[in-house]
Amino acid sequence: METGPAAVTLDLDDTLCRYDRSTADLLALAFDRADVEPFFTAAEFAATIPTVTGESPLDLRRKCFRAIAAEQGQPERVADRVAEAYPERDPTAVSFLPGAREALDSLADHHRLALVSNGEPSHQRAKLETLAISGAFETTVFGTPETGVKPDPEPFYRVLDALGVQSERAVHVGNSLASDVVGAQAAGIAAVWLREDGSADDETVPEYVVDDLAELHGRPFPWEQG
Ligand SMILES: [Mg+2]
């Protein structure tokens, strides 16, 4: 009997690819342009993203920055100034994470692949086209306010439906504990966490942890190891 997952679902941002310009750089530029003393870090911005939803990148930033400002006793208008000064992301200025291309090829040799990525669909599609991996996935679900945003399990349910696969026959690979691990587990899918520097969480325990995409370059995959 075949055991182990029939399908591997993958996150996109900071799992398979990342922007060529770092969030820290763009945030520094935004504070500078807005003439505001920096009052939060890129890491705090990243941690706040899964807690809000936005209709556009600007709306998302505004809500994130307002939430952080509220915690820190900063006026909302200051948050809005930084959000507006933040340069728009260029979805064609992205690159693979080390080992991502090889991991995709190797996973595809043994599994059906799908993408579950939060973000505005046309923006996310432009990244896939830039990386020339639009055709790598049997199905692609973008988490939006309409479909539900990870960690909402809804995008995962959609991808399982599209594949016709039960949750226990899938694993999800992603870099975010808050959106990928929590969301996949909420949908009954085992999570493979691509561990990020210095982040840990006592409450969220992924089924598998990898530190490098090279760990997905061939059999046995983490979920095949006894
Ligand atoms: Mg990600």
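## A loop residue and its surroundings

Author: Let us begin with Ile133, which, once its neighbours within four places in sequence are set aside, is in contact with Phe96, Arg101, Leu104 and Leu128. Please keep in mind throughout that this is a predicted model.

Reader: Where does Ile133 lie?

Author: Ile133 lies in the loop between helix H6, residues 121–131, and strand S5, residues 139–143.

Reader: And is Ile133 buried or exposed?

Author: Ile133 is buried, because its relative accessible area is 1% and the cut-off for buried is under 20%.

Reader: How far apart are Ile133 and Arg101?

Author: Along the sequence Ile133 and Arg101 are 32 residues apart, while in space their C-alpha atoms are 8.9 Å apart.

Reader: What about H6, which residues are buried there?

Author: In H6 the buried residues are His123, Gln124, Ala126, Lys127, Leu128 and Leu131. The cover over these buried residues of H6 includes S2, strand S3 (94–96), strand S4 (112–118) and S5. After H6 comes Ala132, and the phi of Ala132 is positive, near 60 degrees.

Reader: New topic: which residues coordinate the magnesium ion?

Author: The magnesium ion is coordinated by Asp11 through OD, by Asp13 through O and by Asn175 through OD1, at 2.1 to 2.2 Å. Written as a sequence pattern, the spacing of these donor residues is D-x1-D-x161-N.

Reader: Why does the pair of Asp13 and Asn175 tie together parts that are apart in sequence?

Author: Asp13 sits in the loop between strand S1 (7–10) and strand S2 (17–19), whereas Asn175 sits in the loop between strand S6 (170–174) and helix H8 (177–186), so the pair ties together parts that are 162 residues apart in sequence. Asn175 is also buried, with a relative accessible area of 7%.

Reader: Switching to rings, how many aromatic pairs does the structure hold?

Author: The structure holds 9 aromatic pairs. One of them is formed by Phe31 and Phe40, which are edge-to-face, with 5.2 Å from centre to centre and 65 degrees between the planes. Both Phe31 and Phe40 are buried.

Reader: What kind of pair do Phe221 and Trp223 form?

Author: Phe221 and Trp223 form a stacked pair, with 5.3 Å from centre to centre and 10 degrees between the planes. Phe221 counts as buried at 0% relative accessibility, and Trp223 counts as buried at 8%.

Reader: Which residues form the aromatic cluster?

Author: One aromatic cluster is formed by Phe31, Phe39, Phe40, Phe45, Phe65 and Tyr86. As for a ring with a charged residue, Arg89 lies over the face of Tyr19, at 4.0 Å from the ring centre.

Reader: Can we look at H4, and at what its buried residues pack against?

Author: In helix H4, residues 76–85, the buried residues are Val78, Ala79, Asp80, Val82, Ala83 and Ala85. These buried residues of H4 pack against helix H1 (23–34) and helix H3 (57–71).

Reader: And where is the place of Pro87?

Author: Pro87 has its place in the loop between H4 and S3, and at 11% relative accessibility it counts as buried. Not counting residues up to four places away in sequence, Pro87 touches Leu26, Leu29 and Arg33. Pro87 and Ser176 are 89 residues apart along the chain, and their C-alpha atoms are separated by 23 Å.

Reader: Last one: how many helices and strands does the whole chain have?

Author: The secondary structure of the chain comes to 8 helices and 8 strands. A compact globule with 226 residues would have a radius of gyration near 17 Å, and the chain has 18 Å, which agrees. Of the 226 residues, 46% count as buried. Among contacts between residues at least 6 apart in sequence, 63% join residues at least 24 apart.

Conventions
Residues numbered from 1 in each chain as written. Predicted model: local features only at pLDDT ≥ 70, side-chain atom pairs only at ≥ 80, totals over all residues. Heavy atoms only, no water. Donors = N, O, S within 2.8 Å, 3.2 Å for Na, K, Ca; no water. Helix = DSSP H or I, 4+ residues; strand = E, 2+ residues; numbered from the N terminus. Buried < 20%, exposed > 50% of the residue type's maximum accessible area, 1.4 Å probe, protein only. Phe/Tyr/Trp six-rings, centres within 6.5 Å; stacked < 30°, edge-to-face > 60°. Lys NZ or Arg CZ within 6 Å of the ring centre and 35° of its normal. Rg over C-alpha atoms; globule rule 2.2 N^0.38 Å. Contact = heavy atoms within 4.5 Å.
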